[in-house]
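This report walks through selected features of a predicted model.

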Amino acid sequence: AAHLFASAERHPGKIAVRFEDEAISFGELADRVRNAAASLKAQGIGKGSHAALMMPSCPDFIVVQQALFALGAVVSPINVQYRPGEVAHALASCDIEHLILPRDYADRVPQGFAGAVFRDGSDPAGPGDFRLAEVAPSDVVMLLHTSATTGKSKGVMLTAANLAANYDRSPAWLGLSGEDTVLCALPLYNTF
């Protein structure tokens with residue numbers, strides 16, 4: 001999340017995300033992430049919390065995922081096609097405390113799971129009650145579920161260093177610059 005905030009400082013008016021008819025600048029995206037982080041923090045999510053994210057590919061997925069990273073939570077993106085039994089397995093196998101999802105996904109929350117956090121896209125808390133968590137390179141920051149081709153899905157532990165080695169180097173590997181636009185055609189829950 002620190003990269004997002006740095007980009008917002010350097011280029012606040014530059015477009016970060018386009019979705020349908022919406023264009024979101026880096027400054028606006030950083031503000032949304034700060035507000036979401038403050039809201040999630042107020043609901044008990046913080047450094048080391050295990051939080052699953054089950055949302056369709058939309059700007060709010062990016063906002064919430066970055067807010068969770070900013071809080072130092074361990075993020076588990078969940079396939080939006082999972083049936084309730086698969087969701088229950090994913091939550092149990094990764095020791096998930098909080099499941100963040102849109103209200104229209106309420107029927108996917110496993111019976112008896114008390115950690116559902118519903119998102120409606122607005123965050124009442126302001127950025128004043130949020131601070132970027134310090135995360136060590138060896139800290140597990142993501143539990144990414146496997147595709148379950150040979151059985152039930154498993155959470156693969158990824159550290160901050162693992163993500164940095166992939167995410168931070170990808171633009172150079174692909175020969176991208178700040179002038180390029182990337183079309184995201186794969187589901188965000190797959191960390192694409």
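On the α1 side the contact is made by Leu4, Phe5, Ser7 and Ala8, while α2 contributes Phe26, Gly27, Leu29, Ala30, Val33 and Arg34.

## Threonine 159 in strand β8

Strand β8, which covers residues 155-159, includes threonine 159. Threonine 159 has a relative accessible area of 17%, and it is therefore classed as buried, the cut-off being under 20%. When its neighbours within four places in sequence are left aside, threonine 159 is in contact with Pro137, Ser138, Asp139, Val140 and Val141.

## Cysteines

A disulfide is a covalent bond between the sulfur atoms of two cysteines. With a cut-off of 2.5 Å between cysteine sulfur atoms, the count of disulfides in the model is zero. Cysteine 58 takes part in no disulfide, and the nearest cysteine sulfur to its own, that of cysteine 184, is 11 Å away. Seen from cysteine 184, the closest cysteine sulfur is the one in cysteine 58, and because the separation is 11 Å, it is too far for a bond.

The two residues can also be described by their accessibility. Cysteine 58, at 19% relative accessibility, counts as buried, whereas cysteine 184, at 40% relative accessibility, counts as partly exposed.

## Positive phi angles

Most residues other than glycine have a negative phi. Glutamate 20, although not a glycine, has a positive phi of about 50°. Glutamate 20 is placed in the loop between β1 (15-19) and β2 (22-25), and with a relative accessibility of 71% it counts as exposed.

Aspartate 95, likewise a residue other than glycine, has a positive phi, with a value near 50°. Aspartate 95 is found in the loop that lies between α4 (84-93) and β5 (98-102). Its relative accessibility is 55%, so aspartate 95 counts as exposed, for which the threshold is over 50%.

Note on methods: Residues numbered from 1 in each chain as written. Predicted model: local features only at pLDDT ≥ 70, side-chain atom pairs only at ≥ 80, totals over all residues. Heavy atoms only, no water. Contact = heavy atoms within 4.5 Å. Helix = DSSP H or I, 4+ residues; strand = E, 2+ residues; numbered from the N terminus. Buried < 20%, exposed > 50% of the residue type's maximum accessible area, 1.4 Å probe, protein only.
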